[in-house]
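Grab a pencil and keep the viewer open while you work through these exercises. Try each task yourself before you read its solution.

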Amino acid sequence: MREPQRVRAAGLPDRVTIYEVGPRDGLQNEAAVVPVEVKAEFVARLAAAGHRVIETTSFVHPRWVPQLADASELLSAVERVPGVRYPVLVPNERGLDRALEHGVEEIAIFASATETFAARNLNRTLESQFEMFEPVVARALAHGLRVRAYVSMCFGDPWEGPTPVGQVVSVGRRLLDLGCFELSLGDTIGVGTPGHVAALIEAFGGPARLAVHFHDTYGQALANTLTALREGVTVVDASTGGIGGCPYAESATGNLATEDLVWMLHGLGVETGLDLPALVETSTWLAERLGRPSPSRVVQALGDGPSRTTAANAEE
């Protein structure tokens, strides 16, 4: 399989951690429910490809995200590999209770940087969302869990327009102050551009404890990621095959594809610990089960067999 020519670029980290969100954020937007055995194999394939962080599922109420109604069954089916982290998203204290029942060691919470999305996604105001997060984080930390925080709509909101940088920083700092070890800045609808990315990271006072989460709606995800790396960020969220979106924001298309990110990073001489051919094979396998071609440009270029057959059938 073709590999990118490696030309080391200055001003970049030696290594980047890719926080894989395919099993949770990737699959949650699929209309057809994916069988739990397929999800478990997906997670196993990701670990075998070298991933050391795989966000596996969420304990959200099944009425809101039916795709993740099998969270308990999936966690029981996943064979955890030593050295691999398997965080889950929890929306509230009930979700935390379920996570603790399954021996989860790391959770993530999901906040909003805008008033409208807080109301639509969390049924809270921008301010009252913290009343929900505070006991979740406090209890999780008391049980020895690590807590990551997402902030959505960091660059723009489909109802409110551009999100003020200061508003994002205010929400993000409050989450970090609660005790979250990492803050993922989400471009939920993919409207961010490199200058905006740099300005937001600088407004936080630098990259410490920051990660980035880009959607590729306007084709800016890789450019935005490269900017974040030049600002010192070393954790990037991505989804194998580029699957995903947001069920509460219709304009949110797929996540940054893990394979596209790995191709770029390896070409830049940045280590990821990931096996690109194994990732492409996994996306080819998953595309066949989802019944549609992978959105990833690298998978389209390097994949063969089932994924190309699926793509050809889709065009008929």
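**Exercise 1. A residue with positive phi**

In which loop is Asn123 found? Work out its setting step by step.

*Solution.* Before you start, note that this is a predicted model, where local features need pLDDT of at least 70, side-chain atom pairs count only at pLDDT 80 or more, and totals for chains, interfaces and linings use all residues. Residues are numbered from 1 along each chain as its sequence is written, and side-chain values use heavy atoms, with hydrogens and water left out.

- Step 1: Find the loop between α5 (115–122) and α6 (129–142); Asn123 is found there. Helices (H or I, at least four residues) and strands (E, at least two) are DSSP runs, numbered from the N terminus.
- Step 2: Check the backbone. Phi of Asn123 is near 55°, a positive value in a residue other than glycine.
- Step 3: Check the surface. Asn123 counts as exposed because its relative accessibility is 68%. The cut-offs are under 20% relative accessible area for buried, over 50% for exposed and partly exposed in between (1.4 Å probe, protein chains only).

**Exercise 2. Another positive phi**

Is Met153 buried or exposed? Give its phi and its loop too.

*Solution.* 

- Step 1: Met153 lies in the loop between β5 and β6 (156–157).
- Step 2: Its phi is positive, about 60°, although Met153 is not a glycine.
- Step 3: With a relative accessible area of 0%, Met153 is buried.

**Exercise 3. Order the sheet**

In what order do the eight strands of the open sheet come?

*Solution.* 

- Step 1: Know the rule: two strands pair if DSSP finds at least two bridges between them. As background, strands of a sheet pair through backbone hydrogen bonds, either parallel or antiparallel.
- Step 2: Read across the sheet and you get β1-β10-β9-β8-β5-β4-β3-β2, with parallel pairing.
- Step 3: Look at the ends. β1 (17–20) and β2 (57–58) are the edge strands, as each pairs on one side only.

**Exercise 4. Zoom in on β4**

How many residues of strand β4 (residues 106–112) are buried? Then find the strand's partners.

*Solution.* 

- Step 1: Count them: seven of the seven residues in β4 are buried, leaving the strand mostly covered.
- Step 2: Sort them by direction. Glu106, Ala108, Phe110 and Ser112 point one way, while Ile107, Ile109 and Ala111 point the other way.
- Step 3: Go to one partner. Strand β3 (residues 88–89) runs parallel to β4 and is joined to it by two bridges. Val88 has Ile107 as its bridge partner, and Leu89 stands opposite Ala108.
- Step 4: Follow the chain from β3 through helix α4 (residues 93–101) to β4: this β-α-β crossover is right-handed. Right-handed here says that, with the strands pointing away from the viewer, the path from the first strand over the helix to the second runs clockwise.
- Step 5: Go to another partner. Seven bridges pair β4 with strand β5 (residues 146–152), again in the parallel sense. Phe110 stands opposite Tyr150 in β5.
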